[in-house]
Amino acid sequence: MKKRFIFGPTFISGLWIAERKTFGDDRGAFARLFCAEELSEIGVNKPIVQINHSITRIKGTTRGLH
């Protein structure tokens, strides 16, 4: 699985820093803002599965919808 977050602990128990990775090219960019599968690694268990954010720079660009 491609990791989309880097998790770092803090000095406060149960508090983590989650740094998201953004993937981009000349058409725009894509970032995952929330991923239940990856966040479960640090104990986050919420009913939301995923939240994604994309930016399209060129009008008329078609992106794959999976």
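Helices (H or I, at least four residues) and strands (E, at least two) are DSSP runs, numbered from the N terminus. This is a predicted model, in which local features need pLDDT of at least 70 and side-chain atom pairs count only at pLDDT 80 or more, while totals for chains, interfaces and linings use all residues. Residues are numbered from 1 along each chain as its sequence is written, and side-chain values use heavy atoms, with hydrogens and water left out.

**Two isoleucines in loops**

- Ile12 lies in the loop that links strand S1 (5-9) to strand S2 (16-20), and with a relative accessible area of 41% Ile12 is partly exposed, a class that falls between buried (under 20%) and exposed (over 50%), computed with a 1.4 Å probe and protein chains only.
- Ile42 is found in the loop between helix H1 (36-39) and strand S5 (50-56), and Ile42 counts as buried because its relative accessible area is 19%.
- Leaving aside residues up to four places away in sequence, Ile42 touches Phe7 and Trp16, where contact means heavy atoms within 4.5 Å.
- Although Ile42 and Phe7 are 35 residues apart along the chain, their C-alpha atoms are separated by 8.0 Å.

**The sheet**

- Three strands, in the order S3-S4-S5, form an open sheet with antiparallel pairing, two strands being paired if DSSP finds at least two bridges between them.
- The edge strands, each pairing on one side only, are strand S3 (22-25) and S5.
- Strand S3 is joined by four bridges to strand S4 (residues 28-35), and the two run antiparallel; Thr22 stands opposite Ala31 in S4.
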